[in-house]
Amino acid sequence: MNIRSNQFMNFGKVKHWVLLGVFVLSVNAASAQSQSSSSNPYVRLGNKAIMDGDFKAAVNALEKVKSPDTLVTYMLGYSHIRCANYNKAITSFTKLLSQSPNNFSAYYWRGKARNTLAVQSDNKLSEAERGKMLQGSIDDFSNAIRLNPDDLSYYQSRGMAYRDLGILQGTNSTAVYDKSLAEEAYQKSIDDLQHVLNSNSKREDLAKEIKKVKIYKTNLSK
């Protein structure tokens with residue numbers, strides 16, 4: 001299986017600048033409530049490193065914080081993603097969700113990490129493990145949508161995860177081949193991507209992706 005996953009990091013570069021503003025506001029807001037975010041030198045170093053785009057330095061600093069609060073855990077998880085440490089990112093966001101179960105951003109980023117990890121061709125996951133990881137990614141995006149239904153990027157990401165799951169289940173050389181499940185995954189991918197396209201008809205990239213997924217679905221019958 002050879003599923004390209006570069007769309008994740010490209011999207012991450014765009015959203016990165018938005019999140020930097022969130023980090024600044026969050027750190028400032030938390031400083032009045034959280035001693036670790038206001039006075040801990042490693043938190044300050046980690047935040048500065050994130051603002052500078054040096055995510056390795058951010059990880060090195062934030063991992064030294066003892067008893068990190070939810071903000072620090074979020075910053076660490078995001079930094080792991082930017083360093084392509086997806087397993088560690090999943091661990092961080094899972095910890096964050098145990099503390100803050102309604103954090104839709106944590107669901108989103110854990111979903112992105114799971115999706116990217118599942119489609120990497122150089123990891124040691126079995127096909128069954130890849131399928132489980134993709135389903136976990138879809139579940140994360142669904143939770144993000146449930147908590148914040150107005151963010152179209154969540155639908156787009158879930159649509160791409162459904163597409164990847166369809167590719168896996170629709171490849172007859174895999175141990176998880178299931179034509180009916182692949183067809184269902186492809187249709188859900190089309191539905192999610194079309195939902196985003198309906199809100200912005202100028203998204204030619206999505207229109208092309210929908211056409212591709214429809215071809216994948218049609219080819220299942222051949």
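Which backbone oxygen lies 3.4 Å from a polar atom of the side chain of R114? Keep that in mind as you move through this predicted model.

**Stop 1: the whole chain.** Show the protein chain as a cartoon. You will find eleven helices and zero strands. From the N terminus on, the order reads α-α-α-α-α-α-α-α-α-α-α. Now colour by burial. Of the 222 residues in the protein chain, 49% are buried. Turn to contacts between residues at least 6 apart in sequence: 59% of them join residues at least 24 apart.

**Stop 2: helix 3 and helix 5.** Select residues 41–52 for helix 3 and residues 70–82 for helix 5. Their axes are 11 Å apart, and the two helices pack at an angle of about 40°. Helix 3 is therefore oblique to helix 5. Their crossing is left-handed. Next, show side chains at the contact. From helix 3, pick V43, G46, N47 and I50. From helix 5, pick V72, M75 and S79. Colour these residues by type: four are nonpolar, three are polar and none is charged.

**Stop 3: R114.** Move to helix 7, residues 104–119, and select R114 there. Is R114 buried or exposed? R114 counts as buried, because its relative accessibility is 19% and the cut-off for buried is under 20%. Now display the residues that R114 touches, leaving aside those up to four places away in sequence. They are I90, M133, G136, S137 and D140.

**Stop 4: back to the opening question.** Zoom in on R114 and G136. The backbone oxygen belongs to G136, and it lies 3.4 Å from a polar atom of the R114 side chain.

Notes: Residues numbered from 1 in each chain as written. Predicted model: local features only at pLDDT ≥ 70, side-chain atom pairs only at ≥ 80, totals over all residues. Heavy atoms only, no water. Helix = DSSP H or I, 4+ residues; strand = E, 2+ residues; numbered from the N terminus. Buried < 20%, exposed > 50% of the residue type's maximum accessible area, 1.4 Å probe, protein only. Polar contact = N/O pair within 3.5 Å; in protein donor to acceptor, adjacent residues only side chain to side chain. Contact = heavy atoms within 4.5 Å. Axes fitted to C-alpha atoms, helices over the stretch in contact; angles between N-to-C directions. Parallel < 35°, antiparallel > 145°, perpendicular 65-115°, else oblique. Left-handed = near helix turned anticlockwise from the far one by under 90°. Nonpolar A, V, L, I, M, F, W, Y, C, P; charged D, E, K, R; others polar.
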